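Have the sequence and the model side by side.

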Amino acid sequence: MTQHVIVAGSGPTGLLTAIGLAKAGTRVTILEAEAKLNDSPRALVYHYPVLPFLEKMGLLQDCVQEGFLRQTFGWHIHRTGEMIEWAGSPAYEDGQALHLHQGLLSQILARHVATLPNVEIRYEARLQGCSQHADGVIVSLDGPGGPETLEGDFLVGADGANSEVRKTVLGVQFYGVTWPNRYIATNTKIDLSSAGYAPTVMQIDQKHGAVICKIDQSDVWRVTFVEDPDLPIEGLSERIDEMFADHLPDLPYEVIAASPYRMHQRVADKMRVGRVILVGDAAHVTNPTGGLGLTGGMFDAFALIEALNRIIHDGADHDILEFYEQDRRRIFTEITSPRASQNLRNLYYLKEGQEKEDRIRFLRDVAGDRELIKRELSFTEQLITRF
């Protein structure tokens with residue numbers, strides 16, 4: 001049976017969902033409100049349990065070719081200069097992570113979409129609303145040619161934290177909190193490898209805390225720090241220079257791009273109503289410390305692909321979508337959000353004295369024990385929905 005699924009949003013979760021459905025034979029239409037894919041500095045690191053899924057979908061080789069797999073993870077104590085390194089296994093099942101700029105990931109996925117005759121991306125197509133009936137959905141949109149409607153069997157909301165599907169179609173709440181600081185994510189050309197930095201480094205300090213990740217093999221790094229959200233966006237480039245003087249080794253650098261944004265911990269009170277289902281940031285958002293945001297969204301996509309393919313091609317009952325909704329919300333509220341929040345606190349909010357010393361001692365203990373490293377990295381296996 002060939003059915004039609006409409007996906008709102010051409011970010012990685014929407015594109016992944018479309019590829020997984022289309023490869024099973026379903027027709028997919030992707031609606032993107034903007035004129036092109038988003039290329040701003042966003043997610044970068046994806047935890048190792050996503051890699052077998054990408055491999056199964058025929059995507060991993062391209063992702064590794066344009067990014068890279070890393071095996072080591074560093075903790076930098078800014079006050080003392082100590083670098084604590086966790087070394088993983090060469091096998092990606094045991095702790096490697098994928099480094100790949102989200103913009104490049106979207107481009108890779110869009111190239112794969114272009115090879116599938118049953119998928120269409122419609123740019124400048126802004127969703128206006130959706131009605132449901134017993135056999136499908138009717139989506140209203142405003143495109144380059146004006147208003148129109150589109151009929152399908154399901155609507156997937158993959159349209160980000162400001163999701164129109166969540167707000168306009170489902171009308172559900174987005175519960176949670178906003179962190180008090182503003183994140184500044186930069187893409188910066190700097191040779192941190194020469195200073196002994198692992199491809200991912202978490203810098204621990206209340207004032208000089210930072211997330212420092214290598215983007216590619218050309219010495220471009222994602223350097224992310226926090227600042228007072230009341231500061232005006234004007235003057236950001238000067239403030240970046242001031243921050244880098246304290247945050248980074250004394251090396252030449254060039255800031256290629258910078259993106260300020262607020263950090264949230266929020267989740268929709270429903271991720272599915274009938275034939276309309278949310279994935280990724282449309283359903284839940286987390287601060288990015290530790291790389292759990294898009295990793296979690298990718299697991300949403302993998303789970304929804306399996307659920308919809310079972311319904312469309314195997315005749316499974318729609319109750320499987322209720323399990324999807326309940327399990328993905330549970331995983332976010334019980335695992336992803338608490339872990340990401342703790343990551344942020346450990347980076348920026350540890351009190352000087354015993355609390356901070358205990359954390360540093362723990363990081364050293366883990367670094368000296370391969371089994372402890374594997375235990376600390378393997379928690380992301382809990383992010384997978386198992387039907």
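A polar contact is a pair of N or O atoms within 3.5 Å; within protein, one must be able to donate a hydrogen and the other to accept it, and residues adjacent in sequence count only if both atoms are side-chain atoms. The side chains of Asn181 and Tyr349 make such a contact, at 2.9 Å. This is a predicted model: local features need pLDDT of at least 70, side-chain atom pairs count only at pLDDT 80 or more, and totals for chains, interfaces and linings use all residues. Residues are numbered from 1 along each chain as its sequence is written, and side-chain values use heavy atoms, with hydrogens and water left out.

Asn181 sits in strand 13 (residues 174-189). Strands are DSSP runs of E, at least two residues; helices are runs of H or I, at least four; both are numbered from the N terminus. Beyond its neighbours within four places in sequence, Asn181 has contacts (heavy atoms within 4.5 Å) that include Arg262 and Met263.

Now turn to helix 7 (residues 293-314). Its 22 residues should span 32 Å at 1.5 Å a residue, and the end C-alpha atoms are 31 Å apart, which agrees. The expected span is 1.5 Å times one less than the number of residues. Of the 22 residues, 17 are buried, meaning under 20% relative accessible area with a 1.4 Å probe, protein chains only. Just after the helix, Gly315 takes a positive phi of about 75°.

Helix 7 also gives six residues to the lining of the second largest pocket, the largest share. A pocket is an open set of points on a 1 Å grid over the protein atoms alone, where a 1.4 Å probe fits, with protein on both sides within 12 Å along at least five of seven lines; lining residues have an atom within 4 Å of a point. Sixteen residues line this one, with Phe53, Lys56, Phe302, Ile305 and Glu306 nearest its centre.

Conventions. Buried < 20%, exposed > 50% of the residue type's maximum accessible area, 1.4 Å probe, protein only.
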